[in-house]
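Visitor: I would like to learn how to read a protein model. Please take me through the features one at a time.

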Amino acid sequence: MQPRISKILMPVVFLALLFTRPLPVAAQSEILGEVRFQPENGPAKTAGVWVDGKYVGYLNELKGSKKLLLLPGDHEISVREAGYRSVDEKITVEPNAVHTLKVILTKDPRAQMPTVSGEVRLSIEPDRAAVFVDDQYAGHAHEFGGAGRAMLLSPGRHRIKITLPGYQSFDTEIDVRANQKYDIKTQLPKGHESDQN
């Protein structure tokens, strides 16, 4: 005997299926607004971007398939790069509209490079993940991996966190010694922070 689906439940099931599917691209562009970035100097190209307090990627990658689409309303955008003053703006996003932000970063006179340091080289997948040292944004992983690229840290204990939306974060602590080289390699698993618990 085959089970029967009542005529009352069929519209409810159909509506549930309708709302679990992503909106078509045309419908998304009519609802969402786009934020584009125009870097005005070299440091701005690799600066990290935060929307409403959450890291979304680095400035030069937020285009094409990774373009930044936001719900209409007020948003706080922050662009940060280690050693530079951050650029913070409040914007109002409108449906089906493009908002362009020109970004120029200036050196932060308070930022100091260590006179004695250790070298930390990163090999992270995906290499566009954000790198934080002692809870301060340092850059994205690609900047600190490969030939001639490494992060210089002062001697002592440092906490390194690597994070990217849609992936589980990686946390570690290292004890840096002067003139020593360190390698950190990891692949971030897909998922969310809550998946780690």
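**Reading the model**

Guide: Of the 197 residues of the protein, 32% count as buried; buried means under 20% relative accessible area, exposed over 50% and partly exposed in between, with a 1.4 Å probe and protein chains only. This is a predicted model, in which local features need pLDDT of at least 70, side-chain atom pairs count only at pLDDT 80 or more, and totals for chains, interfaces and linings use all residues. Residues are numbered from 1 along each chain as its sequence is written, and side-chain values use heavy atoms, with hydrogens and water left out.

Visitor: How many helices and strands does the secondary structure of the protein come to?

Guide: Helices (H or I, at least four residues) and strands (E, at least two) are DSSP runs, numbered from the N terminus. Here there are 3 helices and 14 strands.

Visitor: What share of the contacts joins residues at least 24 apart?

Guide: Contact means heavy atoms within 4.5 Å. Among contacts between residues at least 6 apart in sequence, 58% join residues at least 24 apart.

Visitor: Let us take a single residue. Where is E34 found, and which residues is E34 in contact with, leaving aside its neighbours within four places in sequence?

Guide: E34 is in strand β1, which covers residues 33-39. With those neighbours set aside, E34 is in contact with K67, L68, L69, A97, V98 and H99.

Visitor: Does E34 count as buried or exposed?

Guide: E34 counts as buried because its relative accessibility is 12%. Its side chain also makes a polar contact with the side chain of R36, at 3.0 Å. A polar contact is a pair of N or O atoms within 3.5 Å; within protein, one must be able to donate a hydrogen and the other to accept it, and residues adjacent in sequence count only if both atoms are side-chain atoms.

Visitor: Which side chain makes a polar contact with the side chain of T92?

Guide: The side chain of D74 does, at 2.7 Å. T92 lies in strand β6 and is partly exposed, because its relative accessibility is 46%. Apart from neighbours within four places in sequence, T92 is in contact with G73, D74 and H99. T92 and G33 are 59 residues apart in sequence, and their C-alpha atoms are 9.4 Å apart in space.

Visitor: How is a pair of aromatic rings described?

Guide: A pair of aromatic rings is described by the distance of the centres and the angle of the planes. Rings of Phe, Tyr and Trp (its six-membered ring) pair if their centres lie within 6.5 Å; planes under 30 degrees apart count as stacked, over 60 as edge-to-face and the rest as tilted. A search of the whole structure finds 5 aromatic pairs. One of them is the edge-to-face pair of W50 and Y137, with 4.8 Å centre to centre and 90 degrees between the planes. This pair links distant parts of the chain, with W50 in strand β2 (residues 48-51) and Y137 in strand β10, 87 residues apart.

Visitor: How far apart are the ring centres of Y55 and Y137?

Guide: Their centres are 6.2 Å apart and their planes are at 35 degrees, so the pair is tilted. Y55 lies in strand β3 (residues 54-58) and Y137 in strand β10, so the pair ties together parts that are 82 residues apart in sequence. Y55 is buried, with a relative accessible area of 8%, and Y137 is buried at 10%. Ring pairs link W50, Y55, F132 and Y137 into a cluster.

Visitor: Which residues have a positive phi without being glycine?

Guide: N96 has a phi near 55 degrees, and D134 has a phi of about 50 degrees. N96 lies in the loop between β6 (87-93) and β7 (98-103) and is exposed, with a relative accessible area of 53%. D134 lies in the loop between β9 and β10 and is partly exposed, with a relative accessible area of 35%.

Visitor: Which residues does a cis peptide bond join?

Guide: A cis peptide bond joins E125 and P126, with omega about -10 degrees. P126 lies in the loop between β8 (118-125) and β9.
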